[in-house]
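Reader: I would like to learn how to read a helix and an interface in a model. Please take me through one.

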Amino acid sequence: MEKTLAKDIGFWVMLGIGLAVMFIGPMVWGLFEIMQITQYVVLSVYALSLAYIWGFGGILSFGQAAFFGLGAYTFAVASINIGETTVPFALSFLLPAAFGAALGYFMFYGRLSDVYLGVVTMVVTLIFWKLINHTAGPEYSIGAARLGGFNGIPSIPILNVPGDAKAWLDPAQMFQAFMGILIIVYLCLRLIIASDFGRVSVGIRENETRASLLGYDIRRHKVIIFAIGSGIAGMSGAMWATYQTFIDPNAFSMEMSAKALVWVMAGGVGTLAGPILAVILLQWLSLKLGTMHILNNYFILGAILMGLVLLLPRGLLPSLRLLAERLWHLGRQKMDASAASRKATSDV
Amino acid sequence: MSDAHILTTEKLVMQFGGVTAVDNVDFSLKEGELRCLLGPNGAGKSTFFKCLTGQLTPTSGTIKLRGADITGWNTHDIVNLGVGIKTQVPNLFNGISVYENIRMAARRKHLKPMAKEKAEQMMEKCGVSHLARREVGLLAHGQRQLVELAMVLAEEPPLVLLDEPAAGMTGDERDRLADLVLETARSAAVIVVEHDMAFIRRIAKFVTVFNRGAIFREAMIDEILSDRAVQEIYLGKQADVAA
Ligand SMILES: Nc1ncnc2c1ncn2[C@@H]1O[C@H](COP(=O)(O)OP(=O)(O)OP(=O)(O)O)[C@@H](O)[C@H]1O
Ligand SMILES: [Mg+2]
C-alpha cells in the first residue's frame, strides 16, 4: 500500500538519465559544451536545496543565496589556506548547515510567521552581501586568503582527487564529479522524503496544527529541514567557486536568491526533477538570448516566466505529467473504442 | 474506574481582547470518565479545548494533567503526555491518502511494522477502510470526521477530546460513532462536545453545561434535559440568532 521509492518509475528514470549523462556526456561533448553543462549541474544542486525545503518542508526562503555564498566563500578561504579541496568541500556543507540550523532555531523556535520568515531570510542575505562588499582592504583576510571585497577572491583551487592535492580534475572529470554529486544529492533527498521523517515533513506542510496535535515537534523538524537545505546550497556554492576558480559578492545577491525561487516555481513546487529541468531550460534560454542581443535578456526571461506562471501554474514537471497521463488515457480510450467498434461490426 | 483525576483546571481564564471566552473555569474529570460538554454557540467549549491542548495559552489559571502542571506547555508536549483531540473543524493532511494520515498517527506510538497494522485496524474500526487510498481533502465532512477520529484513537491517549464529532455524519456514521465513543470510554477518559441531542442521549451520563465561558450547570443528563434554565440559555441563543 505504501508507495516505496523502489516502485517509483520516475525515480529510476531520473537515476538512469543522470548516470547516462555522467558517463556518456564527456565522450560526445566538446570542451565548451562540457563547461556549459557543468554550470547547469552546479545550479541544479543549488535549485534542489530550495526545491527540498520549499516543496517538502513548506519553508519558503528568500535567502537561499546566503547559504550559497557562505559555502562558496568557505570553500575559497579554506582551500586557499589548506592547499587541497576535500576538507574545504566538506566544510562548505557543514558550515552553512550549522549556520542554517542556528538561523532556523531563531526563526522556528521564535514562531516567526511565514511572511517574517521570508523577510528575515532576505535581510540576512543582504547583510552578508553588504558585509562581504566592505572587505576590500588587506586587513580583511583569513589566513592566506584575502576576502577582496567587491573584487572577489581569485585563484581558487580547482577540485583535486581526495588525498592527492596535486591531482587536479580536468574539465571532463570535474563534470563527472559534479554529476556524481548531483545524483547523490538527488538520491539522498528522495530517501529522506520517503522516510518517516520525510512523511512527517509533508504532514507539517499540509497541516501544522494536526502535526503538532499528533505530538510531532514542528519546530525541531523545520530546523533540521532548513539546515539540510542550507548545507546543500552551501555545497553548490563551493562547486560554483571551484568551477569558476573565482568568487565575488554576487554569490550573495538577491538575484541569486531569486533565481532559485524561479527555478523551483517554474519546475514545480513539490518535485525535485522539475527544478532541474527548469535550470537547464531557463539557463540555456538566457544563454541563447544573451548571444542574440535583440532585446534585454532579463526582459525576455521575465516575460517567459510570467507566461509559465500563468499558463502552467503548477510548474513544468507536474504539467508534463498531467499531459502524459491525459494522452495515455486518450490513447487507451481510442484503442478501446476501435476494439469495441470492431467487435460490433464483427457481431453483425 | 479509580477516583483519581486525570484532568483538573483551576480558575482557568482565556480572554481575546475584551472577550472572555473561558471565564474562571474549575473543571475536573476522573480517570476513565465519559463527560459531555454542552452549551450554546459561542459558549467557549472549543476555546476550552484549545487551552487544554496548548493551542492557546490561557490568560490565567492552571491546567493539571495527571498531577503535572501543563499550563503554557507546547502542544506536542501535552499531546505526548497523553491527550488526543478531534477538533471542531477537522485538521487533516489534505493532500495525502486516508491510510497515510492514519499511519502517521499510529507511527507515533508504534514501530514501523506495527504502525501499518495499527493503521489498518483503526481504519477498519472507524469504517474508512474502503477509503484507504482516497485523498483526504476530497472526502465528505462526515468521512473526514471519522478519519480524524481514527487518527486520534490510533495514539491510544488516556484523555480523548472530541469537538462536535457527529457533525456532518449520516445516520449510519452516527451510530458507529456512538459505539466508538462508548468503547473508547472503557479504556480512556473522554470529553465530548456535541449539539446533537439525540446523539448526546445515547452516550451521556454526567454533563457539564457551559454558558458565556463559565460553567453553568453540572449534573446527570436527565436532570440537565429537564432543567428550565438550561433550556433557556439554548433558546435565548436561538432567539438572538433569529433576531
Ligand atoms: N481566536 C479568537 N479570537 C477572538 N475571539 C475568539 C477567538 N476564538 C474564539 N473567540 C470567541 O470566543 C467565544 C467562544 O468561542 P468558542 O469557539 O470557544 O465557542 P463554542 O462553544 O465552541 O461555540 P460553537 O458551539 O459554535 O462551536 C466566542 O465569542 C468567539 O467569538
Ligand atoms: Mg466550538
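Author: Start with contact: it means heavy atoms within 4.5 Å. Helices (H or I, at least four residues) and strands (E, at least two) are DSSP runs, numbered from the N terminus. Buried means under 20% relative accessible area, exposed over 50%, and partly exposed in between (1.4 Å probe, protein chains only). This is a predicted model, where local features need pLDDT of at least 70, side-chain atom pairs count only at pLDDT 80 or more, and totals for chains, interfaces and linings use all residues. Residues are numbered from 1 along each chain as its sequence is written, chains are lettered from A and ligands numbered from 1 in the order in which they are written, and side-chain values use heavy atoms, with hydrogens and water left out.

Reader: Which residues of α4(B) are buried?

Author: An α-helix has 3.6 residues a turn, so residues three or four places apart point the same way. In α4(B), the buried residues are Ala115(B), Lys118(B), Ala119(B), Met122(B) and Met123(B). They sit on the same side of α4(B), because their arc around the axis is only 135° (taken from the directions from the helix axis to the C-beta atoms). Pro113(B) and Glu124(B), on the other side, are exposed.

Reader: What do the buried residues of α4(B) pack against?

Author: Their partners are α3 (98-109) and α5 (141-154) of chain B. Just after α4(B), Gly127(B) has a positive phi of about 70°.

Reader: How is the area buried between chain B and chain A read?

Author: The size of an interface is often given as the accessible area lost when the parts come together. Here the loss is summed over both parts, with a 1.4 Å probe. Between chain B and chain A it is about 2200 Å², and carbon and sulfur atoms give 55% of that. In chain B, His76(B), Phe93(B) and Met104(B) lose the most area to chain A, together 26% of what that side buries.

Reader: How many salt bridges are there between chain B and chain A?

Author: Side chains of opposite charge can pair when their charged atoms come close. The rule asks for a side-chain nitrogen of Lys or Arg within 4 Å of a carboxyl oxygen of Asp or Glu. Between chain B and chain A the count is 5. One pairs Asp196(A) with Lys112(B) (4.0 Å, N to O). Asp196(A) lies in helix α7 (residues 196-206) of chain A and Lys112(B) in helix α4 of chain B, so this pair joins two chains. Asp196(A) counts as buried at 16% relative accessibility, whereas Lys112(B), at 47%, is partly exposed. Asp196(A) and Lys112(B) also belong to a network of salt bridges with Arg103(B) and Arg107(B).

Definitions and conventions. Buried area is the accessible area (1.4 Å probe) that two parts lose on being put together, summed over both.
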